[in-house]
Amino acid sequence: MKARSDFRKGLENLKPFFLVYILVFMKISDSVTRIEGTTAHSYSVEHEGQVVLIDAGMKSSAKKIVDYYGEIGKKPDVILITHYHVDHIGGLALLNEKYSPKIYAPKEEIPVIEGKSRPAQPKSMLSKFVSVFGKTDIVSGVLPVEEFQSQWMKAIPTIGHTPGSTSYLFEPEGMLFVGDAVNIKGSEATVNKQFSLDLVKAEESRKKIMSMSGATILPGHGDPLKL
Ligand SMILES: [Zn+2]
């Protein structure tokens, strides 16, 4: 009997391990959800029967996006990419294979996403270091964001962080998905100097974003910031 109760105790001790994997996501509003654990945040927007995913996380975390859609029993019809950095496009190949969505990205960044050219590197050592580890699988058939048509989601150029950095405004709720055009820390929105290619243009884009009073910034890194 002792052995049996020890066994049961053992099972009880194991419980936390079964609970380790919990799907985490954060409701930003009725329509917008942040999918947690994708390194750079991915956001899912549901509106008028359409599901739009903004950014695709790291290759290693794409499964979390798949799990999220599995949980809600939906799939992304469209994926909008803010820019070509690996923590925003790494999951694209898996998501493309699984859902065959329409994928839109900044025109000048598509050759990188499709594996036809390498991204330009900022001068910082940290950026060079990180680029060695970034792995993505090639995705083809990516469409230029100029071709994206929507009554309620608008693409806004916010270049500087990368050559084509684009923000997306979900107009009904004033939600602005900025990728890495600005990083948010507390109530501060800053340009990421280590990883941005053109600091002058990036600062101009930061000002452009900050001038959108009433909007809520949803960044790739950091928490929402209401302007
Ligand atoms: Zn970036």
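Analyst: In the hairpin of β2 and β3, 6 residues lie between the strands, and G37 takes a positive phi near 85 degrees. Strands here are DSSP runs of E with at least two residues, helices are runs of H or I with at least four, and both are numbered from the N terminus. This is a predicted model: local features need pLDDT of at least 70, side-chain atom pairs count only at pLDDT 80 or more, and totals for chains, interfaces and linings use all residues. Residues are numbered from 1 along each chain as its sequence is written.

User: How do you know that β2 and β3 pair, and in which sense?

Analyst: Two strands pair if DSSP finds at least two bridges between them. β2 and β3 have 4 bridges, so they pair, in the antiparallel sense.

User: What joins β3 to β4?

Analyst: 5 bridges do, and the two strands run antiparallel. S44 has L53 as its bridge partner in β4. β3 and β4 form a hairpin with 2 residues between them. In that turn, E48 has a positive phi of about 50 degrees.

User: Why is A40 called buried?

Analyst: A residue is buried if 20 or more other C-beta atoms lie within 10 Å of its own, exposed if 12 or fewer, and partly exposed in between; the C-beta atoms are placed from the backbone. A40 has 22 such atoms within 10 Å, so A40 is buried. A40 sits in the loop between β2 (32-35) and β3 (42-47).

User: Which residues does A40 touch?

Analyst: Two residues are in contact if their C-beta atoms, placed from the backbone, lie within 7 Å. Leaving out residues up to four places away in sequence, A40 touches D55, G57, D87, H88, G220 and H221. A40 and H221 are 181 residues apart along the chain, yet their C-alpha atoms are separated by 5.7 Å.

User: What makes β1 and β7 edge strands?

Analyst: 7 strands form an open sheet in the order β1-β2-β3-β4-β5-β6-β7, with mixed pairing. β1 (25-27) and β7 (143-144) each pair on one side only, and that makes them the edges. Within this sheet, β5 (residues 78-80) and β6 (residues 102-105) pair in the parallel sense over 3 bridges.

User: Which strands form the open sheet of 5 strands?

Analyst: Its order is β8-β9-β10-β13-β14, again with mixed pairing. The edge strands are β8 (153-157) and β14 (225-226). β8 and β9 (residues 166-170) pair in the antiparallel sense over 5 bridges.

User: How do you know that the span of α7 is close to the expected one?

Analyst: The expected span is 1.5 Å times one less than the number of residues. Helix α7 (residues 199-210) has 12 residues and reaches 16 Å from its first C-alpha to its last, close to the 16 Å expected.

User: Which residues of α7 are buried, and why are they said to be on the same side?

Analyst: They are A202, S205, R206 and I209. These residues cover an arc of only 105 degrees around the axis, which puts them on the same side of α7. The arc is that of the directions from the helix axis to the C-beta atoms. The face turned away from the buried side carries the exposed residues V200 and K207.

User: What do the buried residues of α7 pack against?

Analyst: They pack against β9, β10 (175-179), β12 (188-190) and β13 (216-219).
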